[in-house]
Amino acid sequence: MDWGALLASTLTGLAPVLPPFAAIAAFLLVLRCPLPGRGPHRSQGQDPWRGFKYESRRIVMERAGHRCEGAVFLAWGRCNEPAVEADHIYPWSRGGPTIVSNGQALCRGHNRNKGAMNPPWWYVLTLERRRRSYFPEGADVRVTASMTAHEVRARTKAPPV
Ligand SMILES: [Zn+2]
């Protein structure tokens, strides 16, 4: 059998369908791209704080009105369930810090379904877009996931008794 000829004829047969495949592959790659400049800094290392507590947890839950911030209808609408978990947008296991700007309030279902992947650009942008409609006046809707002195203070302060 002439493998070279077989390969050539296979490639010729595939040629018409290659452009659509390449387009789909490119589309899938673009869908998984992160948003530049928003994730945790590489030099930051893993945050010793694993979970949200004290002020950081209170702020994350309260600015969401204790309602889930997860997406429904292809990231257009907002989930209607009550929030039960303060979740890391950039996963803790991938260097996402436990700070308010990296936190979101999620219901049980959204929290369970969220993988340990870094969120792609559209996840972050649609979350910020939804937030504009329910965040309190003056609250920052941006997901930044970078540690600042203000963020550190908020999470070490004990809640009011
Ligand atoms: Zn939800």
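In what order do the elements of the chain run from the N terminus on? They run α-α-α-β-β-β-β-α-α-α, where helices (H or I, at least four residues) and strands (E, at least two) are DSSP runs numbered from the N terminus. This is a predicted model, in which local features need pLDDT of at least 70 and side-chain atom pairs count only at pLDDT 80 or more, while totals for chains, interfaces and linings use all residues. Residues are numbered from 1 along each chain as its sequence is written.

**Overall form**
- The chain holds 6 helices and 4 strands, and its C-alpha trace spans about 80 × 35 × 25 Å along the principal axes.
- The radius of gyration, taken over C-alpha atoms, is 21 Å, whereas a compact globule of 161 residues would have one near 15 Å, by the rule of 2.2 Å times the number of residues to the power 0.38.

**Domains**
- The assignment, automatic or from a database, gives domain 1 (1-31) and domain 2 (42-156), and the centres of domain 1 and domain 2, taken over C-alpha atoms, are separated by 41 Å.

**Burial and contacts**
- Of the 161 residues in the chain, 26% are buried, meaning that 20 or more other C-beta atoms, placed from the backbone, lie within 10 Å of the residue's own.
- Among contacts (C-beta atoms, placed from the backbone, within 7 Å) between residues at least 6 apart in sequence, 72% join residues at least 24 apart.

**R42**
- R42 lies in the loop between helix 2 (18-31) and helix 3 (54-63), and R42 counts as exposed (12 or fewer such neighbours) because it has 7 C-beta neighbours inside 10 Å.
- Although R42 and R94 are 52 residues apart along the chain, their C-alpha atoms are separated by 9.7 Å.

Note on methods:
Two residues are in contact if their C-beta atoms, placed from the backbone, lie within 7 Å.
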